[in-house]
Amino acid sequence: MPFPKEQIYTEDDYWSLPETVRAELINGQLYYMAAPSRIHQEILNSLITEINIYIRSKHGSCRVYPAPFAVKLREDKDNTVEPDITVICDRSKLTEKGCSGAPDWIIEIVSPGISSHDYVRKLNLYADAGVREYWIVDPAEKSVLVYLFEQSHFQTYTFQDKIPVGLYDDFAIDFAELMAGIPADI
């Protein structure tokens, strides 16, 4: 008996999902996402605040968007993702639906049970699409992996480190300070 044929989904399928359903379209497959944990949201909120404060202080043109925010990585492939944090410096990529093209910087905060999604599947997708910088923040491991794709460089940091942002010469995020502002009961 032959194996059932795998269904290939398209961008139309993605946009046809109800607004209450969070999913990503990666290489023709839909991946559904559960609501994030409280620690995930605390880290997300703190990072967005830090990034926005920096960009505003420099009168920068980059825009910062938290999930859910649709990013269609390429025109020729059916890949629409919703990174936890998306930084876009080329405003011509912004559309009414989100972003069309590779963002400059993406941050994913790992959720328990689906870590391979961020560490493998999305890592390869973002590298291939032309994302300049990709951070994987892992609350369980208290680590941050930073990939600078243009330089073919990656480095691992801990939540005690001050992590330089590759897009900017004078910006680093002090994770010890950032985490000190998050309630200890989570």
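Which residue takes a positive phi near 50° in the hairpin of S10 and S11? In that hairpin, which has four residues between the strands, the residue is Ser152. The views below show a predicted model, in which local features need pLDDT of at least 70, side-chain atom pairs count only at pLDDT 80 or more, and totals for chains, interfaces and linings use all residues. Residues are numbered from 1 along each chain as its sequence is written, and side-chain values use heavy atoms, with hydrogens and water left out.

View 1. Six strands form an open sheet in the order S3-S6-S8-S9-S10-S11, with mixed pairing. Strands (E, at least two residues) and helices (H or I, at least four) are DSSP runs numbered from the N terminus, and two strands pair if DSSP finds at least two bridges between them. Strand S3 (63-66) and strand S11 (153-158) are the edge strands, each pairing on one side only. Direction ignored, neighbouring strands of this sheet are turned by 15° against each other on average. Four bridges pair S3 with S6 in the antiparallel sense, and Pro66 has Ile85 in S6 as its bridge partner.

View 2. Six of the six residues of S10 are buried, where buried means under 20% relative accessible area, exposed over 50% and partly exposed in between (1.4 Å probe, protein chains only). Ser143, Leu145 and Tyr147 point one way from S10, while Val144, Val146 and Leu148 point the other way. S9 and S10 pair in the antiparallel sense over six bridges; the partner of Ile136 in S10 is Leu145. These two strands form a hairpin with four residues between them, and Lys142 in the turn has a positive phi of about 55°. S10 and S11 also run antiparallel, joined by six bridges, with His153 in S11 as the bridge partner of Leu148.

**View 3. Helix H3 on the sheet.** Helix H3 (residues 115-129) packs on the sheet and touches S8, S9 and S10; its direction makes about 170° with that of S9. Contact means heavy atoms within 4.5 Å; axes are lines fitted to C-alpha atoms, for helices over the stretch in contact, and angles run from 0 to 180 degrees between N-to-C directions. At 1.5 Å a residue, the 15 residues of H3 should span 21 Å, which agrees with the 20 Å between its end C-alpha atoms; the expected span is 1.5 Å times one less than the number of residues. A kink of about 40° is centred on Lys122, the bend at a residue being the angle between axes fitted to the seven residues ending there and the seven starting there. Buried residues of H3 include His117, Asp118, Leu123 and Tyr126. Among the elements that cover the buried residues of H3 are strand S1 (23-26), strand S2 (29-32) and strand S5 (80-81). Just after H3, Gly130 takes a positive phi of about 100°.

**View 4. The largest nonpolar core.** This core has 30 residues, and those with the most contacts inside it are Ile51, Trp105, Trp135, Ile173 and Phe175. A nonpolar core is a set of buried Ala, Val, Leu, Ile, Met, Phe, Trp, Tyr and Cys residues joined through side-chain atoms within 4.5 Å. Elements giving two or more residues to the core include helix H2 (38-57), strand S8 (105-109) and helix H4 (175-180). H2 gives the most, with seven residues. Beyond four places away in sequence, Ile51 touches Val64, Ile85, Val87, Trp105, Ile107, Phe171 and Ile173. Another core, of 19 residues, lies apart from it and has Val110, Leu123, Leu125 and Tyr147 among its members. In soluble globular proteins, nonpolar side chains tend to be buried together.

View 5. Ile107 is found in strand S8 and counts as buried because its relative accessibility is 0%. Not counting residues up to four places away in sequence, the contacts of Ile107 include Leu47, Ile51, Trp135 and Val137. The C-alpha atoms of Ile107 and Leu145 are separated by 9.9 Å, with the two residues 38 residues apart along the chain. Val87 lies in strand S6 and is buried, with a relative accessible area of 1%. With residues up to four places away in sequence left out, Val87 touches Ile51, Cys62, Arg63, Val64, Pro103, Asp104 and Trp105.
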